[in-house]
Amino acid sequence: MPKASPALDGLPSAAASALRKLGADLATARKRRRESLKAWAARLNVSVPTLMRLEKGDAAVSVGVVATALWLLNRHGVLAEAADPKEDLGALEAEVQQARQRHARRSEGG
């Protein structure tokens with residue numbers, strides 16, 4: 001059995017919860033399409049146990065499998081938007097803070 005990754009051991013609970021919801025939603029989509037585990041796994045090029053892990057939200061399932069599952073649902077665009085820089089509020093806040101600091105330094109010196 002492969003050794004667990006420290007990244008998986010330290011997975012934030014919010015991320016684990018999101019993966020469980022994604023997995024459950026993928027399972028619902030498969031069932032609504034009346035696809036068996038075996039047929040859906042074949043379409044994903046994975047084993048049935050891997051598909052079952054995906055549907056349970058197992059973080060060790062590769063992002064490639066997740067991407068293919070989203071593609072099968074014609075939802076792969078959401079993956080492309082997941083880390084869009086325009087939506088990165090943390091980076092925007094850091095840039096605003098840096099601008100404020102530069103402005104404060106200029107105000108003090110001038």
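1. Asp58 and Arg53 join their side chains in a salt bridge, 2.8 Å from N to O. The term means a side-chain nitrogen of Lys or Arg within 4 Å of a carboxyl oxygen of Asp or Glu. Asp58 is partly exposed at 31% relative accessible area, and Arg53 is partly exposed at 32%. Here buried means under 20% relative accessible area, exposed over 50%, and partly exposed in between, with a 1.4 Å probe and protein chains only.

2. This is a predicted model, in which local features need pLDDT of at least 70, side-chain atom pairs count only at pLDDT 80 or more, and totals for chains, interfaces and linings use all residues. Residues are numbered from 1 along each chain as its sequence is written, and side-chain values use heavy atoms, with hydrogens and water left out.

3. The salt-bridge count comes to 5. One of them pairs Lys21 with Asp25, the closest N and O atoms being 2.6 Å apart. Both residues lie in helix H2, 4 residues apart, about one turn of the helix. Helices are DSSP runs (H or I, at least four residues), numbered from the N terminus. Lys21 is exposed at 53%; Asp25 is partly exposed at 37%.

4. Arg43 and Glu35 also form a salt bridge, 3.3 Å from N to O. Arg43 is partly exposed at 42%. Glu35 is partly exposed at 22%.

5. Helix H3 spans residues 37–44, with Trp40, Ala41 and Leu44 buried. These residues sit on the same side of H3 because they cover an arc of only 100° around the axis, taken from the directions from the helix axis to the C-beta atoms. Lys38 and Ala42, on the other side, are exposed. The cover over the buried residues includes helices H2 (13–32), H4 (48–56) and H5 (63–72), with contact meaning heavy atoms within 4.5 Å. Asn45 follows H3 and has a positive phi, near 60°.

6. The largest pocket has a volume of about 240 Å³. Of its 15 lining residues, the closest to the centre are Leu19, Leu22, Val63, Val66 and Leu79. H2, H5 and helix H6 (76–81) each give two or more residues to the lining. By class, the lining has 11 nonpolar, 3 polar and 1 charged residues. On a 1 Å grid over the protein atoms alone, a pocket is an open set of points where a 1.4 Å probe fits, with protein on both sides within 12 Å along at least five of seven lines; lining residues have an atom within 4 Å of a point.

How values were computed. Grid points are joined across faces, edges and corners, and a volume is the space filled by probe spheres set on the points. Ala, Val, Leu, Ile, Met, Phe, Trp, Tyr, Cys and Pro count as nonpolar, Asp, Glu, Lys and Arg as charged, and the others, Gly among them, as polar.
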